[in-house]
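Welcome, and please open your viewer.

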Amino acid sequence: MNNVAELTISLVVYKPELNQLNDTLTSLVTSLDNAGSIYHLYVIDNSPDEYQSGLSTEYIGRYFKHVDFTYSKNATNVGFGSAHNQALDVQSDYHLIINPDLIISRDAIVNAIQFMHNNSRCGLITPYAKWTDGTVQRLCKEYPSVLVLLLRGFAPAFMKKIFYKLLKNYEMVDVINSNEVYWNPPMVSGCFMFFKTDVWKKCQGFDRRYFLYFEDFDLSIRAKQFCDIAYVPSVEVIHHGGYAARKGLKHIILFFRSMISFFRIHHWRWF
C-alpha cells in the first residue's frame with residue numbers, strides 16, 4: 001500500500017452488519033467531501049471465505065466515487081490490529097483508524113486536520129463520542145485495574161452502583177467534558193484514532209500479540225513515547241459498539257486473554 005495522500009484511512013470488518021456499515025461509509029464520505037483534500041481508504045475484510053459479507057470493490061465504489069480506495073480480503077481472520085497493520089506502509093500526512101460501527105460527524109475530519117495543523121506536538125486525536133441513544137461514551141480512560149474491568153464488563157447493575165465512584169474515576173467523568181480539549185489522557189479507546197502517520201509508523205502499528213480487545217489501550221500508551229495525545233471535542237462521532245459480555249462466550253474468552261496480555265506487557269493493577 002503506497003498510494004500518496006494527505007489522509008489515509010483503514011477500516012477493518014468481520015462479518016459486518018451492513019446497515020451499520022452503510023451508515024459508517026455514508027458518514028465517512030460526507031466528512032471527507034467536507035474536508036476536501038486527497039485521501040485513500042483501505043477496507044480490510046477479515047470475514048471467513050464461507051461467509052458472504054456482501055462486500056466487494058463494486059459495493060464500496062457505490063459510496064466512494066470521488067475518493068480512492070482499496071478493498072482487500074484476508075484468507076483468514078488475522079485479528080483486528082494485525083489487519084489494520086496492513087496499512088502500515090501508507091504514504092500520507094495523517095492516518096485514521098475507524099470501526100465499521102461508527103457514524104462520523106460532517107466536520108470531524110476537517111476539525112481533526114485543522115487541530116493537527118495548529119498543534120505540532122499532537123500525534124494522536126481521540127474524539128468526543130456518544131452512544132446511539134445520545135449518552136456520552138467515555139473514550140478517555142485511567143489505567144485500569146482488574147476489578148474495574150470486571151465490574152465494567154460483567155457486573156450486574158446493582159454492583160456497578162456500589163462501585164460507582166471507582167468506575168466514574170476510571171472513565172474520567174469529572175475530568176473530560178464536551179467543551180474543552182484535554183491533553184494526554186492515560187489511555188484512549190480505539191473506535192476512532194486520528195494519527196500523524198509518522199507516529200503510527202513509529203509505533204509499528206498495533207501489537208500483534210492482541211487478537212481482539214486492549215490493542216487500542218496498548219497502542220495509545222506506546223504512542224506517548226513519540227507525541228502528545230489530545231481529546232478534541234470538536235471531532236465528534238456516534239459509536240454503536242458493545243461490551244464483550246453481550247457478544248457471547250467466544251468474545252468473553254478473547255477479552256480475558258487480551259486482558260491478561262495487557263497486564264503482563266504493562267503492569268498489573270488488581271484494585
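Where is the place of P144? Select P144 and you land in the loop between β8 (140–141) and α5 (146–154); helices (H or I, at least four residues) and strands (E, at least two) are DSSP runs, numbered from the N terminus.

Before moving on, note that this is a predicted model, where local features need pLDDT of at least 70, side-chain atom pairs count only at pLDDT 80 or more, and totals for chains, interfaces and linings use all residues. Residues are numbered from 1 along each chain as its sequence is written, and side-chain values use heavy atoms, leaving out hydrogens and water.

P144 counts as buried because its relative accessibility is 0% (buried means under 20% relative accessible area, exposed over 50%, partly exposed in between, with a 1.4 Å probe and protein chains only). Now show its contacts (heavy atoms within 4.5 Å): leaving aside residues up to four places away in sequence, P144 touches L149, Y170, M187, F262, F263 and R269.

Next, select strand β2, residues 39–45, where 7 of 7 residues are buried. Y39, L41, V43 and D45 lie on one side, with H40, Y42 and I44 on the other. Look for D45, which stands opposite K73 in β3.

For the last stop, select helix α1 (residues 18–35) and helix α4 (residues 108–118). Their axes, lines fitted to C-alpha atoms over the stretch in contact, with angles running from 0 to 180 degrees between N-to-C directions, come within 7 Å and cross at roughly 50°. The contact is made by L28, S31, L32, N34 and A35 of α1 and A108, I109 and V110 of α4.

Methods:
Two strands pair if DSSP finds at least two bridges between them.
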